[in-house]
Amino acid sequence: MPIHQAFHMQMQNAFAMNAAQVWFSLYSGAFDPISLQIVALFDEITTRLDHYEVINNAPTRQSFPKVVERIKTLQKRSTIFPDGAALTASYQGTDFGLETLYDLIGWIFSVTGNTPEDANAANYYYPLIVLYCQWCRTLCAKVEKEPQMVQITWFTQESIKRVCIGGNLDRPKKLRKDIARTNRFGMLLAHGLAQEDEMEKRYTDDGGQLIGHCAETFPMLFIKSLKDMVTLPDVRGVAVKPFEALGEGVANKFAVPDTVALRQQLLEDPCKNCKVVLPRLGSINLDHFNILNL
């Protein structure tokens, strides 16, 4: 079964609990049946890699069980960071250090299944990133630890449509966040997406976050690792604010925001850091990441 079918079937369950049940699940420490369903699906994928169309690359497939086990460990501890080092996992033959629960879940979304041929923002990409937001919230079970931004990038790799998904580094303890950001920066540097003098350089006017913090980090790294296999001018993406996108006031959470005001409320254009880093991928069109062009 293609992963888009499996994931989309879960959409009916993703918001099935009413507000009282959500509150009870998040704040009482009770077992959440939806989180158990998500973990069970990950376990099933591990045993049926062909069925779920996990990318047919040996290092990637060998990484799948340990990614799932790390998710289970963090989910049981209701935390987003491990006690020790990042988990090394392969994306199509290139190793990356995955730090957070959100990195791990994003990796699974990024390596599992072929995107349907008729996929577009409305029928696939936006619903998928919203589902990612919800699953991160469900598996972490602590709303205050959710990322403030997530991002989905979609592209064509040698005629195969793919997605990459990631989250930013908001809300862990400062020291652990700084370590993770430094590790991310090191990977960006190694892949030619950052420069030595940018370790502590901010391109934002307000003294904001440093390069490596952003949700775009792993999507950019994964695409860069594929070199000339990606049709760069066609790469597109969008960043989403989970707190707003999952808000009670959003009637249809899986629908692409249909007004400029709603897009500005729920989505985000690339920050100034990303506007510097994204073009280093090659012939990227930054307009393809503008919220008005979704």
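**Figure 1. The residue that follows helix α5 in the predicted model.** Helix α5 is followed by G113, and the phi angle of G113 is positive, near 85 degrees. The structure shown in this and the other figures is a predicted model.

**Figure 2. Burial of helix α5.** Helix α5 comprises residues 101–111 and is mostly covered, with eleven of its eleven residues buried. These residues are L101, Y102, D103, L104, I105, G106, W107, I108, F109, S110 and V111. In the chain as a whole, buried residues account for 55% of the 294 residues.

**Figure 3. The crossing of helices α5 and α6.** Two packed helices are described by the angle between their axes and by the distance between the axes. Here, the axes of α5 and α6 (residues 121–140) come within 10 Å and cross at roughly 140 degrees. This angle makes α5 oblique to α6, because an angle must be over 145 degrees to count as roughly antiparallel. The crossing of the two helices is right-handed.

**Figure 4. Residues in the contact of α5 with α6.** From α5, the residues L101, Y102, I105, G106 and F109 take part. They meet L128, Y132, W135, C136, L139 and C140 of α6. By type, the residues of this contact comprise ten nonpolar, one polar and no charged.

Figure 5. E99 lies in the loop between strand β2 (94–98) and helix α5. Its relative accessibility is 2%, so E99 counts as buried, the limit for this class being under 20%. The side chain of E99 forms a polar contact with the side chain of N183, at 2.6 Å. Apart from its neighbours within four places in sequence, E99 is in contact with I80, F81, P82, A86, R176, A180 and N183.

**Figure 6. The surroundings of T217.** T217 belongs to helix α8, which spans residues 217–225. T217 is buried, with a relative accessible area of 1%. The side chain of T217 reaches the backbone oxygen of C214 at 2.7 Å. When its neighbours within four places in sequence are set aside, T217 is in contact with R184, L188 and G212.

**Figure 7. The chain as the setting of the close-up views.** The secondary structure of the chain consists of eleven helices and six strands. Of the contacts in the chain between residues at least 6 apart in sequence, 71% join residues at least 24 apart.

Definitions and conventions: Residues numbered from 1 in each chain as written. Predicted model: local features only at pLDDT ≥ 70, side-chain atom pairs only at ≥ 80, totals over all residues. Heavy atoms only, no water. Helix = DSSP H or I, 4+ residues; strand = E, 2+ residues; numbered from the N terminus. Buried < 20%, exposed > 50% of the residue type's maximum accessible area, 1.4 Å probe, protein only. Polar contact = N/O pair within 3.5 Å; in protein donor to acceptor, adjacent residues only side chain to side chain. Contact = heavy atoms within 4.5 Å. Axes fitted to C-alpha atoms, helices over the stretch in contact; angles between N-to-C directions. Parallel < 35°, antiparallel > 145°, perpendicular 65-115°, else oblique. Left-handed = near helix turned anticlockwise from the far one by under 90°. Nonpolar A, V, L, I, M, F, W, Y, C, P; charged D, E, K, R; others polar.
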